[in-house]
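Here's a set of exercises to work through with the model open in your viewer. Try each task before you read its solution.

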Amino acid sequence: MNDLNTIISTFSSEDQQRFISYLEKKNKRSDTKNIQLFKLLLHDDLNSNELCIKLYENGSKNAYHALRKRLYQSIIDFIANASLQEEKAVDLQIIKYILASRTCLQHKQYKVAYKILDKAEILATEHHLFPLLNEIYHTKIQYAYVNPSIDINQLISNFKYNQKNHQLEDQLNIVYAKIRQTINNNIFKGEIVDFQTILNATLKEYNISFNESMSFKSLYQLIAINSFSAFVTNDYLKIEPFLISTYESILKHKDREKQLYYHIEILYLIANTLFRNKKFDDSFHYLSMMHNHMKEKRKKYYNTFKLKYSLLLSLNLNYNNKQDEAINLLTPLTTVKHDDNEALLDIHLSLVMFYFQKNDLKKAYTLFSKFYHTDNWYNERAGKEWVIKKGLIEILLHIELKNIDLVESRLLSFKRSHTNYLKGINQQRVLIYLALVEDCYKNPEKISSEAFKDKVENAFEWINKEREDIFVMSFYAWLKSKMENENLYSTTLDLIEM
């Protein structure tokens, strides 16, 4: 998907109509084809050559590419203008106040100037706009000598406190960027990384404390950093209280509606954590809040989050004994175009899992067969953990389908590709699990024996069900269903509800 298609895929139906209206007002000639191209890109699955012929009878590629460039620039202008109107109204108002006050000061209208600066300070403080507060305090201090009622020491104290908050926001932004880069460069490429050590070292390097006042964006980044930690360690229970308490503090921020995008991101992270901790009712609650916020501002961010929202909702439904609803929710999304490749891959793999748990092996295999890229390709887009899950599901699927030759080759391939990595991150239990699966496959007559059950019992260092990852439990459920000769889906639900 190229840049133009990627941007258009994020447009809600309201955005599409507003952009078409924007082009209609902008077009000075009646034969301009930008609206036609935009509609074709929205609704038709045509390649560049087909689009070119549809727009120009003579198939002029130069004219077509020039049209695409003009449409791309129009979209950038449209997005920028909309952002200025919706997101920067407060910033612009404060800038106007500052400029007006400085003009008044130059004309020695000191009393009026300070009243205007007071208004600007109140507004900037409410919205945690530290750079603008810096300009306000700078101006107040510069002309403090003309205003005897000013407590200059208090003003300097406020100025230094704001500088501290501004520096904290900048530092946390750097930490956030470094942590994300670490994940992209190491974990998603299958390299071993001690996440907690890197996090602690980075926070120490920039002397960041979690107890200081932060902007809305910084609070989101802090929550995201902790969520990444849970992702790496598979310990979502540990961060849950922090996420909830931090969100409660966010609700007190007067700029929470202004920064809607970050609000939606936070609700998703909390809902996902609660799902991983098997607290489905709580996760549904935060998903409902997330969906309500997605519909705000004329659904500005609806398309951006619709895949992540639908995926997480379907997972909650599946593990809440509403599997058919989960399948019906995800099935239409397997054919949509979207720039969130990771969510699309998660949707496909989750649907495979749903069908597998339902024992609809034919549909599971048909859907799985669409994963035709190499593991390296999936590593770059979805990460090592996703590739490992995919490999395990494939082995179990071939065992159920009795594809004997494929089982052997996939087992060898999995061990060759992932053994060193799994040992390096101290996840040998995946390899132990695989050995037990192989034992089931090669000696099916022994699966229900007490000896094999004892072998499974003694194979793992068990942790309590509250801390155990829901997907780990799902894989173990297959093994348990074989030992007990029970239905896989009901065994999975029983394990989670135990």
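This is a predicted model: local features need pLDDT of at least 70, side-chain atom pairs count only at pLDDT 80 or more; totals for chains, interfaces and linings use all residues.

**Exercise 1. How are H16 and H17 oriented to each other: roughly parallel or roughly antiparallel?**

Solution. Numbering runs from 1 along each chain as its sequence is written, and side-chain values use heavy atoms, with hydrogens and water left out.

Step 1: find the elements. Helices are DSSP runs of H or I with at least four residues, strands are E runs of at least two, and both are numbered from the N terminus. H17 spans residues 323-330, and H16 spans residues 302-318.

Step 2: get the geometry. Two packed helices are described by the angle between their axes and the distance between the axes. Axes are lines fitted to C-alpha atoms, for helices over the stretch in contact, and angles run from 0 to 180 degrees between N-to-C directions. For H16 and H17 that gives about 160 degrees, with the axes 7 Å apart.

Step 3: classify. Under 35 degrees counts as roughly parallel, over 145 as roughly antiparallel, 65 to 115 as roughly perpendicular and the rest as oblique. H16 and H17 are therefore roughly antiparallel.

Step 4: The crossing of H16 and H17 is left-handed (the near helix is turned anticlockwise from the far one by less than a right angle; clockwise would be right-handed). Contact means heavy atoms within 4.5 Å; on the H16 side the residues include Leu313, Ser314 and Leu317, and they meet H17 residues including Ala326, Leu329 and Leu330.

**Exercise 2. Describe how H14 packs against H16.**

Solution. Step 1: H14 covers residues 280-294, and its axis lies 10 Å from that of H16 at an angle of about 160 degrees. Step 2: that makes H14 roughly antiparallel to H16. Step 3: H14 passes H16 in a left-handed crossing. Step 4: the H14 side of the contact includes Phe284, Leu287 and Met290, while the H16 side includes Phe305, Tyr309 and Leu312.

**Exercise 3. Which residues touch the most other members of the largest nonpolar core?**

Solution. Buried means under 20% relative accessible area, exposed over 50%, and partly exposed in between (1.4 Å probe, protein chains only). A nonpolar core is a set of buried Ala, Val, Leu, Ile, Met, Phe, Trp, Tyr and Cys residues joined through side-chain atoms within 4.5 Å.

Step 1: The largest core has 99 residues, and Met290, Tyr319 and Trp478 touch the most other members. Helix H18 (residues 341-358) supplies the largest share, 11 residues.

Step 2: Leaving aside neighbours within four places in sequence, Met290 is in contact with Ile264, Leu267, Tyr268, Phe305 and Tyr309.

Step 3: look elsewhere. Another core, of 21 residues, lies apart from this one, and Ile35, Leu41, Leu67 and Ile75 are among its members.

**Exercise 4. Why is H26 largely enclosed by the rest of the structure?**

Solution. Step 1: H26 (residues 488-497) has seven of its 10 residues buried, so it is largely enclosed. Step 2: the buried set is Leu488, Tyr489, Thr491, Thr492, Leu493, Leu495 and Ile496. Step 3: these pack against H14, H16, H17, H18 and H25 (470-484).

**Exercise 5. Find where Lys108 and Lys299 sit, given their positive phi values.**

Solution. Step 1: most residues other than glycine have a negative phi. Step 2: Lys108 has a phi of about 60 degrees and lies in the loop between H6 (89-106) and H7 (110-126). Lys108 is exposed, at 64% relative accessibility. Step 3: Lys299 has a phi of about 55 degrees but lies in helix H15 (residues 296-299). Lys299 is partly exposed, at 30%.

**Exercise 6. Is Ser74 buried or exposed?**

Solution. Step 1: Ser74 is found in helix H5 (residues 61-87). Step 2: its relative accessible area is 5%, so Ser74 is buried. Step 3: beyond its neighbours within four places in sequence, Ser74 contacts Phe19, Tyr22, Leu23 and Lys26.
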